[in-house]
Amino acid sequence: MWSISKYLLLAAVVVCLSVCFRLYSQLSSLNITTLIHHQFKASAPPPTISFYKLSLQWPPAACHGMYTCKPPIPSDFTIHGIWPQDSNDEPIPPYNKNNPCTLKTPTPPTDLPIKLRPIEVYLTSIWPNLVDGLNLTANYQFWEYEWKKHGTCSDYPDDPLTYFKSALKLRFGIKTIVRFGRRTSWTVKQVADEVFHVLKAYPQIACNLNPSRTQKQLWEIRLCYDRPNPGQPPHTLINCTNILRVSKGKIIGPCKSLSNTIFFP
């Protein structure tokens, strides 16, 4: 009886070891496969810059529906940012040291107060933080955010002065964007056609809602520029791929159609 019990116990141990070995092998294989998968994903090249988008915001709309702004509120289009975009009109992601977009080391945002000092006055004038445009600290917080999100993977990752100057030069070069008066209403298509008539290129139109969320407003006009040759700033205006804001192939924001009516406050 004892001998039979020993054989049964031994058989049970062998079966258990066999099962455990197979399970371990499967888990090891899974971990290796998962590791290879993650390494493959991490090593995928970052998107390539196709063009730049100069985003110009209309302060009366931005401050009447999005931000609580301290006066004075500018009465002309100010810069929101200049954004490198890929061929699908998606923004180039910020710099990631684990999957770098450039071989250069981007300038840290904390260095901007030194790097941008030569153009600080111009930035304050036409690229202000609308929430508190006369507050230099608030302005630098805005510029540092834009640099970290859009500048570090631009064509000028280690040259913020050139990056910000490129946007200033483009904005200073535009005397008129639209010719219709304030407190008027237009369709998105009419606004886009007006910009095309003035600048000879179709823009992207971004809308927001007024505080009561009852009216669509013209928030931003975004202009697209071909990617320049190395060492040059963006300068060639081109038609934007999408007149309405699109992300991942879907229209985003309050304006869903070119026929939507928007107010120009």
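Is Cys 101 buried, exposed or partly exposed? In this predicted model, Cys 101 counts as partly exposed, because its relative accessibility is 26%, and a residue must fall under 20% to be called buried.

**Cys 101 and Cys 153**
- Cys 101 forms a disulfide with Cys 153, and their sulfur atoms are 1.9 Å apart.
- Cys 101 sits in the loop between strand 2 and helix 3, while Cys 153 sits in the loop between helix 5 and helix 6, so the bond ties together parts that are 52 residues apart in sequence.
- The link is left-handed, with -95° about the S-S bond, and Cys 153 counts as buried because its relative accessibility is 7%.

**Cys 63 and Cys 69**
- Cys 63 is joined to Cys 69 by a disulfide with an S to S distance of 2.1 Å, and the torsion about this bond is about -90°, so the disulfide is left-handed.
- Cys 63 is buried at a relative accessible area of 14%, and Cys 69 is buried at 16%.

**Cys 224 and Cys 240**
- The sulfur atoms of Cys 224 and Cys 240 lie 2.1 Å apart in a disulfide, which is right-handed, with 105° about the S-S bond.
- Cys 224 lies in strand 5, and Cys 240 lies in the loop between strand 6 and strand 7, 16 residues apart.

**Asn 139**
- Asn 139 is placed in helix 5, which covers residues 136–151, and counts as buried because its relative accessibility is 0%.
- Among the residues that Asn 139 touches, leaving aside those up to four places away in sequence, are Thr 124, Pro 128 and Asp 132.

Methods
Residues numbered from 1 in each chain as written. Predicted model: local features only at pLDDT ≥ 70, side-chain atom pairs only at ≥ 80, totals over all residues. Heavy atoms only, no water. Helix = DSSP H or I, 4+ residues; strand = E, 2+ residues; numbered from the N terminus. Buried < 20%, exposed > 50% of the residue type's maximum accessible area, 1.4 Å probe, protein only. Contact = heavy atoms within 4.5 Å. Disulfide = S-S within 2.5 Å.
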